[in-house]
Amino acid sequence: MNRFLSGKRARMAAALLTLLFLVAQMALIPIAHDDYGYATLDYVYEEPNVQGQNFSAGQLIHYLYEHYELWGGRVLAFGLEIATLRLGVWPMRLLIAAAIWGVLMLGCKMADPDASGRYGWLLPLAALAAYGCMERISLEGIYWFTGAAVYLLPAAALFLAAWLLYRQLMQKEFTLGIRQIPLWVGLLVLSFYCGWSVENMGGASVLCFALLGAYSLFKTGWDWKKLVFCASIVAAAAVGFLFLMAAPGNATRMALHEAYYAMPLLARVGASLKSIPCVLFTAKNWLFTLFVGGVGLLLCAFLWKTWRAAAMKIVTVLTAAADGLLLAGFALKGVPTVLVSIAAWCYLLGVSVLVFAWLWKAERRYDPLLLVLWLSACASQAAFGLSPEYPLRAAVFFALLCVLLVLRLFAQMTQEAAQRKKAKAWVLPALTAVLFAGGMLWQGFGFHAYYLNAQVHAYNDLAMRTAGEHYQQTGKAAESIVLMRVKDRSFSHWQACDRDLIKDWQKRYYNLPQSWGYEDFIYVDYDAAELDKMKEALRQQIRG
């Protein structure tokens, strides 16, 4: 048994269990809100002659062009979402589950490259638990197809591209021949996609690839072939980013925030930097706040004994103090938001210094890669210092890096504790496990809430699909349709009962009568017994 647990098979089994859980979780996520509009080419601009999801490639390209002109440059991400939803909801679910799983497993690989130690099998499960601490960030940026298309999938692509680029650049003998062409082309496509995804991720990808190239040249020496290879990847990301930022539709979005852009530059930056921590570290996002704060304290405690320089000890103390102030501001009422914001940014700066000093030693093969990704993730958040708004889903990349960072820390702590064979050596791993326990409990709680809501979503979907098919076949429209509200609104995005515009998109998505008014969508409050009756009535209607 001990031999099995200490081997790679146990880690593979744990990784498979993690994948199965993510797929099961994504099976409960419905199409919602903007998804209907994009799936039918009807968001911002209505593509003519489209019925349901029946459209040609030419219509899709024309819609994306109009979207680019009218509403902004994120068309590559939306195009991928539309094309995937054209195949069905399940392909989208599987794509998102695969992206999450891939990022978490890359994190395990970076934390423990050789799967060494008898506790290596814990890493995939720890990754799943730590991922659970993202809670509301996941709800807004992952468990919503449009949010995942804009924020998760580009982040996953950046992880993959950075991984492949780092492995290629750090080879002992760098070669650039015919055999490297497929990899080169793949990296060019991935980097271009990352650059032309969303504003903060586009800038972060350019920075990430540039830092990886600079590090490789610094570490292995000058090599013109390596320089050309890396420069092309950076250029591809930069070109994609330029296409993103040059979209005429960006001016339309900026016009919605005239008051913000009328402020002086420093005033805008100050207002934005103040607002970011007030969105990211709040009671609404309490588990992630405690997770980030707890990880910071654990990092300070773990690294304290390794520092010899007085300067690093001072940085560690100041970082811990800023972390304590951040957590106090989160827990106590009446603490000025300005003070909390300053503490948050000082804390992130201090953690970045500690992480840089820790990972720069490159004790493990992928430490430099993790360091570059961390700096890029921090830059992706700082970029919102020039933005009038900060949606919580914009923290997906940063939150995933926090998960990967704690995995790296946990792997080293457990391995050192196992080597020392002293009870007190397990104190920090045990405290980290408490954070993981909180994440795993949230995973279970969230899964149950999503499951209950999924029963309602499934009924509503089938009811509208049946009504649409009946209307298309007979030409006769029912007077109205009775649907149900979900049980737990906190685990659901905007539905049609929350916003009438969604009903317009649903009429096009399900081929419902365009003559229906908003009042013809009748929503009743959640009731389990009533839901069973409505399901049975719908089944009889389908049989009839």
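These are my notebook entries on a predicted model.

**Ground rules.** The model is predicted, so I kept local features to pLDDT of at least 70 and side-chain atom pairs to pLDDT 80 or more, while totals for chains, interfaces and linings use all residues. Residues are numbered from 1 along each chain as its sequence is written, and side-chain values use heavy atoms, with hydrogens and water left out.

**Entry: helix H11.** H11 covers residues 199-220, which is 22 residues. I checked its span from first C-alpha to last and got 32 Å. That is close to the 32 Å expected at 1.5 Å a residue; the expected span is 1.5 Å times one less than the number of residues. Glycine 221 follows H11, and its phi is positive, near 100°.

Next I looked up burial. Buried means under 20% relative accessible area, exposed over 50%, and partly exposed in between (1.4 Å probe, protein chains only). The buried residues of H11 include Asn200, Ala204, Cys208, Leu212 and Tyr215. An α-helix has 3.6 residues a turn, so residues three or four places apart point the same way. What do the buried residues of H11 pack against? They pack against helices H9 (145-169), H10 (181-195), H12 (224-245), H19 (367-382) and H20 (396-420).

Entry: Serine 205 lies in helix H11. Its relative accessible area is 0%, so serine 205 is buried. For its partners I used contact, meaning heavy atoms within 4.5 Å. With neighbours within four places in sequence left aside, serine 205 is in contact with Leu158, Cys194, Gly195 and Ala237.

Alanine 161 sits in helix H9. It is also buried, with a relative accessible area of 0%.

**Entry: threonine 18.** Threonine 18 is in helix H2 (residues 8-26). Buried or exposed? Threonine 18 is buried, at a relative accessible area of 0%. Residues up to four places away in sequence aside, threonine 18 touches Trp101, Met105, Pro124, Leu125 and Leu128.

**Entry: glutamine 455.** I found glutamine 455 in helix H21 (residues 427-474). Its relative accessible area is 25%, so glutamine 455 counts as partly exposed. Beyond four places in sequence, glutamine 455 is in contact with Leu531 and Lys535. Alanine 320 is 135 residues from glutamine 455 along the chain, and their C-alpha atoms are separated by 45 Å.

**Entry: aromatic pairs.** Rings of Phe, Tyr and Trp (its six-membered ring) pair if their centres lie within 6.5 Å; planes under 30 degrees apart count as stacked, over 60 as edge-to-face and the rest as tilted. I counted 31 aromatic pairs by this rule. Tyrosine 68 and tryptophan 196 have ring centres 6.2 Å apart and planes at 75°, so that pair is edge-to-face. It links distant parts of the chain, with tyrosine 68 in helix H4 (residues 57-70) and tryptophan 196 in the loop between H10 and H11, 128 residues apart. Tyrosine 68 is buried at 14%, and tryptophan 196 is buried at 15%.

Then I looked at tryptophan 163 and tyrosine 366. That pair is stacked, with 4.4 Å centre to centre and 25° between the planes. Tryptophan 163 is in helix H9, while tyrosine 366 is in the loop between helix H18 (337-359) and H19, 203 residues apart. Both tryptophan 163 and tyrosine 366 are buried. I also noted one aromatic cluster: Tyr143, Trp286, Trp442, Phe445, Tyr450 and Phe491.

**Entry: strands.** Two strands pair if DSSP finds at least two bridges between them. E1 (residues 481-484) and E2 (residues 521-524) pair in the parallel sense over four bridges. Which residue of E2 is the bridge partner of valine 482? It is isoleucine 522.

**Entry: cysteines.** A disulfide is a pair of cysteine sulfur atoms within 2.5 Å. I searched the whole structure and found zero disulfides. For cysteine 346, the nearest cysteine sulfur is that of cysteine 300, 13 Å away. Cysteine 346 is partly exposed at 44% relative accessibility, and cysteine 497 is partly exposed at 26%.

Terms used: Helices (H or I, at least four residues) and strands (E, at least two) are DSSP runs, numbered from the N terminus.
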